[in-house]
Amino acid sequence: MPEVMKLEDIRKNFGSIQALRGVDLTVNGGEVLALLGDNGAGKSTLIKTISGIYPIDGGQITVAGKPVRINSPREAMDLGIETIHQDTSLAPDLSIARNLFLGREPVTIPALGVFAPLDLKRLKAEASKLLRRVGISKNLDADAPVNSLSGGERQSIAISRAMQFSASLIILDEPTNNLGVEETNGVLRFIREVRDAGHSVIYITHNIHHVMNVADRAVVMRHGRIVADLMIRDTDLLSLEAIIMGADAATLAAGLKHGKQH
Amino acid sequence: MGSGSFSSVLKKPETTSFIILVLVMVGFTLANDRFLSPLNISNLLAFMPELGIIALGMTLLLTAGEFDLSVGAVFALTPVSTLLMVQNGGLSLELALVIAFAATFLVGALNGFLVTKVGISSFLVTLSMLLIVRGTTLVLTQGFPLNSWDGDNWLRTALAGSFYIGTVRIYASLIWFAALGLLALYVLNVAKVGNWITAIGSNRSAAVARGVPADKVKIWLFIATSMLAGLAGVISSLRIASASPVAGSQYELEVIAMVVVGGTALTGGRGTIIGTIIGVLMLRIIRNGIVLVGVPGLAFNIFVGVIILAMLVLHARFNKSSERK
Ligand SMILES: Nc1ncnc2c1ncn2[C@@H]1O[C@H](COP(=O)(O)OP(=O)(O)O)[C@@H](O)[C@H]1O
Ligand SMILES: [Mg+2]
């Protein structure tokens with residue numbers, strides 16, 4: 001599979017905090033890449049640079065073979081990168097249909113610019129079609145406001161939104177946080193479907209069982225760097241856990257050595 | 001399905017407001033049959049558009065999660081500076097209006113810039129702007145109302161003229177209010193930018209992550225609100241053929257009350273133009289009806305305050321019952 005995105009030496013600082021200290025990563029077509037690491041490792045920051053929320057302080061991003069600068073969420077979307085952020089990515093007061101098309105609304109008289117009337121018929125029809133396609137149309141009305149949905153339903157809406165613009169890369173930042181078992185399984189099923197439809201996925205999680213379940217590849221971050229990159233088929237749950245823990249042990253050992261010198 | 005859509009209509013905040021509006025009107029009519037007289041209806045309709053026009057802008061702004069306390073002061077600044085240029089500067093009314101509205105535009109742009117780019121809350125920015133604008137108006141006039149202005153002008157007819165339908169006197173401002181109301185309704189509910197306005201107030205970072213230019217939209221909404229406040233002030237001033245530096249005092253609170261009574265949330269994300277029009281009618285009718293019913297003037301604000309609170313309690317209850325955490 002051809003590479004979808006290549007990151008070289010990506011750096012990002014927040015004042016004196018070096019959140020990303022030179023990240024190199026290649027995302028291949030049609031793979032689910034699990035991005036792992038402790039809180040504060042830099043996972044969210046990395047995906048925010050890819051999705052145009054933060055400008056990078058150094059390094060090079062290449063998308064579909066072309067070097068790019070991603071200066072805004074819109075530019076990321078136009079490059080085929082759709083992100084479901086950890087914080088929440090829906091507007092709860094808007095309807096499902098309006099959320100699905102937020103920022104890319106179909107309009108009837110485009111010449112009117114931002115005052116162009118929404119094509120409400122098409123909006124509703126395409127939203128219903130999409131809900132059916134992802135199998136959550138059963139009892140959801142595309143005109144229902146998002147604040148009437150459960151957490152799992154909201155996450156499914158966010159994922160289907162990412163799918164609809166045939167993005168080449170879909171990024172999910174801890175999408176199963178705060179979800180029940182049923183809802184979590186729904187999200188995992190989605191991730192597989194998304195991959196089977198030919199999209200690449202970066203999936204950030206702390207749940208190693210989920211990684212074994214849906215991911216093709218695991219990448220571990222620590223202190224703003226990538227410290228491990230392996231294929232799931234070459235490993236098993238215990239080895240993967242050991243790799244993550246092993247990194248911890250190495251740090252611990254380094255810390256002890258450091259302590260002894262004093 | 002039929003009962004489902006009926007209950008969803010009942011759950012809309014503007015439906016609550018509308019039912020209460022009808023109850024209030026029935027109550028006043030029963031208490032005093034002059035309430036529905038042509039003269040009283042003319043009076044009601046004469047003052048309503050001036051606050052109503054500001055309320056339209058305020059609704060859009062509140063839906064995006066911000067508000068503007070400087071509207072009452074702008075309501076005075078725009079006509080005062082216009083008439084000063086006409087009376088003391090010898091400018092034509094048209095040219096004076098262009099200059100005055102350019103200044104009004106800047107007030108809104110500055111509000112928007114300070115809120116979005118500097119990151120100060122709209123409460124603090126527009127409170128300061130209220131003081132600056134009101135102070136400027138007082139300095140310009142030395143605190144005195146301007147001489148009455150008797151020049152005739154097509155603009156005066158267009159903005160503040162009046163005509164009769166039967167025995168009811170209708171002011172042109174009512175037509176402007178209706179036209180601007182339709183425009184605001186279109187912008188919020190049908191236009192692409194209306195989707196953005198709601199999204200920004202509902203969850204700003206989600207909107208930004210979808211490529212919505214949130215700051216730009218907010219700045220333009222501050223500008224629109226200032227311009228509408230200026231327009232309302234000019235209409236009022238042309239109607240009475242004068243301008244006062246203290247005109248519009250506390251209008252900001254009255255306008256915000258109208259908007260939230262109609263069902264728009266102070267916290268953003270939920271705005272309704274229909275609700276605002278009902279809210280504008282409601283507060284005007286209450287103020288008017290209370291006088292007719294003979295509530296003593298000093299007790300007047302108690303009554304208004306209680307009604308506003310009661311409406312907000314109702315809206316809060318309805319929202320709770322239809323929402324999931
Ligand atoms: N907007 C920000 N301003 C300052 N520091 C930040 C910001 N975002 C993240 N950081 C810091 O960058 C580091 C990486 O954070 P983050 O990317 O959120 O980690 P993760 O998602 O892996 O838990 C942390 O030290 C965090 O405190
Ligand atoms: Mg994170």
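Modeller: First, a term. Helices are DSSP runs of H or I with at least four residues, strands are E runs of at least two, and both are numbered from the N terminus. In that sense B:L180 sits in helix α8 of chain B, which covers residues 172-189. Keep in mind that the model is predicted.

What does B:L180 touch beyond its sequence neighbours? Leaving out residues up to four places away, B:L180 touches B:I53, B:L56, B:L228 and B:L231. Take B:I53. B:L180 and B:I53 are 127 residues apart in sequence, yet their C-alpha atoms are 7.2 Å apart in space.

Now to the contact between the chains. Chain A brings 32 residues to it and chain B brings 27. The two chains bury about 2,400 Å² between them, with 52% of that on carbon and sulfur atoms. On the chain A side, A:D93, A:L102 and A:V114 lose the most area to chain B. Together these three account for 22% of what that side buries. The size of an interface is often given in this way, as the accessible area lost when the parts come together.

Two salt bridges are counted between chain A and chain B. One joins the side chains of A:E82 and B:R210, at 2.9 Å from N to O. The cut-off is 4 Å, so that pair qualifies.

Which elements carry the chain A side? Helices α2 (73-78) and α5 (151-164) of chain A are the elements that give two or more residues to it. α2(A) gives the most, with three residues. By class, the chain A side has 17 nonpolar, eight polar and seven charged residues.

α5(A) packs on it, touching β6 and β7 of chain A. The direction of α5(A) makes about 175 degrees with that of β6(A). The sheet is open and has six strands, in the order β6-β7-β8-β3-β9-β10 (chain A), with mixed pairing. β6 (81-84) and β10 (225-231) of chain A stand at the edges. Each has a single partner strand, so one side of each has no neighbour in the sheet. Neighbouring strands are turned by 15 degrees against each other on average, direction ignored. Inside it, β7 (169-173) and β8 (200-204) of chain A pair in the parallel sense over five bridges. There, A:D173 stands opposite A:I204 in β8(A).

Chain A has another open sheet, with four strands in the order β2-β1-β4-β5 and antiparallel pairing. Its edges are β2 (17-28) and β5 (66-68) of chain A. Each pairs with a single strand, so one side of each is left without a neighbour in the sheet. The twist averages 25 degrees from one strand to the next. Strand β4 (58-63) of chain A is joined to β5(A) by three bridges, and the two run antiparallel. A:V63 stands opposite A:K66 in β5(A).

Methods
Residues are numbered from 1 along each chain as its sequence is written. Chains are lettered from A and ligands numbered from 1 in the order in which they are written. This is a predicted model: local features need pLDDT of at least 70, side-chain atom pairs count only at pLDDT 80 or more; totals for chains, interfaces and linings use all residues. Side-chain values use heavy atoms; hydrogens and water are left out. Contact means heavy atoms within 4.5 Å. Buried area is the accessible area (1.4 Å probe) that two parts lose on being put together, summed over both. Ala, Val, Leu, Ile, Met, Phe, Trp, Tyr, Cys and Pro count as nonpolar, Asp, Glu, Lys and Arg as charged, and the others, Gly among them, as polar. Two strands pair if DSSP finds at least two bridges between them. Axes are lines fitted to C-alpha atoms, for helices over the stretch in contact, and angles run from 0 to 180 degrees between N-to-C directions.
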